[in-house]
Amino acid sequence: KATVNNSLITVNALLGTYLKGALTMVTNICVKCSTCGKIFRLRWQIGYNKADVNIICPECKTHIGATLDVGSKHIFKNLSLCDQKDNDLDGDYLVEISTEFFTKKITSNTNRFSPENIITPFIRNSFSLPKNYMNLIKYGEEIRNITQQFEKIYDLYINKSYGYLKKLLRSDEDKFAICCRKSVPNYKLNTELDLLMAVHQYLKCMINNCMIDDTHKKIERILKDINSGLRDKTIKYKDFLSVLSSENLFEKANNKFISITTNYLEIFFDLIPLYLCSIDNLDLNEYGINTIDLEKLIVIYKKCYEFLGEFIILPIGLNNIEVRLDANIFHNGRNNPIFTFLESISSKYNRYNDFLLVGEPFSDMFLGGLDNVIRNSEAHFDYVYNQIDQRITFINNNKGNKTEISKYMIEFGNDVINIYQKCVLLWEIGYQLQKGDLLLNKGIKLTFGR
């Protein structure tokens, strides 16, 4: 009996400690909608210093938001802090906030001691977190403060400001430059080709944590396959590379990828829950993300869509060479100059889908993932977002035919991550071909790493 009683005491003590921890791992901030006066209790799972809030007031439909900051004053949009006397109120609505985990959607069940509101986002997800999750959070916090560095280093290269570029690449204060130098023996920056390789390595190091495991594996395959083609089909590759270079495709692709990635890095921190947690078994009716700005996601999706449609010529040309031994011969038997022919197809969706054949070497990594209903809806801002349910309805009106697609914010966030991965792969192909052009057609020597 004594043993049983002691055990019960121990269990109760542990449970009390657990519940106390569950309550103290969050902070409650009571704010008031500046339009209708409804009180929101922001239940913030304090993680890595800052958290953005992007929601719609259920009462008046005003877009309200905040930037919560551990170390300085919070910033509010269409909100104000409640008076001290209101801070202990449960409020009209409860909004869970976390930069690391999925959170409950806005609810009117604001009782902080109700069973469903006791457990924090961290405890809810703690058993399924990857081992490196704190590294990813630290990277996300760091990278959003230096997004312009991604543009800066490429601008120095493209504008041939090689003296300043070399100084940056050899900096002892830049962690990405230090990492790159450590990974390459004989870090020489003597030629244009050396600098291209060093810049690409630096940029890839910056976005390394934005790439999922499958993207890393596909990049390895791209490197292997293109190097093999450059060696075994040199003449055919040289002709294709000359066309791409004459149309300035390498510079155009790099410029657009830099623009996409700068936008992507700016919101990467808000996408962290999608990198850390699977949505496969998640109840999408109950859980979502209250930190992402939908309009920023839409901008990135649209840019990625256009990028893939414009530069899909790269894998199509490689397929034509590898399978039919001529960049100008397509899988449907057509024999046309590849650049002018693909440019004549105004629909990027058709250009992308009609000339990539399943099973060909550079097709499978790009097939799927483009939705022209979403793209056309976004282009005309014809979508409806229910922020209470976090459900987006994309509407495409084309010649009297109306098509709708409905997705949860979390699902669309996943779409954005996946379409960005395809852009990274296309950028990598462009880099490998640009490197081949400098070697084979322009005769520039390589000393980097040698």
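Which strands does helix H17 lie across, and at about what angle does H17 run to S12? H17 lies across S10, S11 and S12 and runs at about 95 degrees to S12. Helices (H or I, at least four residues) and strands (E, at least two) are DSSP runs, numbered from the N terminus. Angles run from 0 to 180 degrees between N-to-C directions, and axes are lines fitted to C-alpha atoms, for helices over the stretch in contact; contact means heavy atoms within 4.5 Å.

The model is predicted: local features need pLDDT of at least 70, side-chain atom pairs count only at pLDDT 80 or more, and totals for chains, interfaces and linings use all residues. Residues are numbered from 1 along each chain as its sequence is written, and side-chain values use heavy atoms, with hydrogens and water left out.

**Stop 1**

Select S10 (383-386) and S12 (401-408), the edge strands, each of which pairs on one side only. The three strands form an open sheet in the order S10-S11-S12 with antiparallel pairing; two strands pair if DSSP finds at least two bridges between them. From one strand to the next, the twist averages 15 degrees.

S10 and S11 are joined by four bridges, and Asn386 has Arg391 in S11 as its bridge partner. These two strands form a hairpin with four residues between them, and Gln390 in the turn has a positive phi of about 55 degrees.

**Stop 2: H17 against H11**

Next, show H17 (409-440) together with H11 (249-276). The two helices pack at an angle of about 145 degrees, with their axes 10 Å apart. H11 passes H17 in a left-handed crossing, meaning that the near helix is turned anticlockwise from the far one by less than a right angle. Their contact has 15 nonpolar, seven polar and one charged residues. Ala, Val, Leu, Ile, Met, Phe, Trp, Tyr, Cys and Pro count as nonpolar, Asp, Glu, Lys and Arg as charged, and the others, Gly among them, as polar.

**Stop 3: the cavities**

There are two cavities of 30 Å³ or more. On a 1 Å grid over the protein atoms alone, a cavity is a set of points where a 1.4 Å probe fits but cannot get out, and lining residues have an atom within 4 Å of a point. Grid points are joined across faces, edges and corners, and a volume is the space filled by probe spheres set on the points.

Select Tyr154, Tyr157, Leu196, Val199, His200, Leu203, Asn254, Trp427, Tyr431 and Gln434 to see the lining of the largest cavity, which holds about 70 Å³ of space. H5 (148-158), H8 (192-206) and H17 each give two or more residues to this lining, and H8 gives the most, with four. By class, the lining has seven nonpolar, three polar and no charged residues.

For the second largest cavity, of about 40 Å³, select Phe250, Ala253, Asn254, Leu314, Leu426, Trp427, Gly430 and Tyr431. H17 supplies the largest share of its lining, four residues. This lining has six nonpolar, two polar and no charged residues.

Conventions. On a 1 Å grid over the protein atoms alone, a cavity is a set of points where a 1.4 Å probe fits but cannot get out, and a pocket is an open set with protein on both sides within 12 Å along at least five of seven lines; lining residues have an atom within 4 Å of a point.
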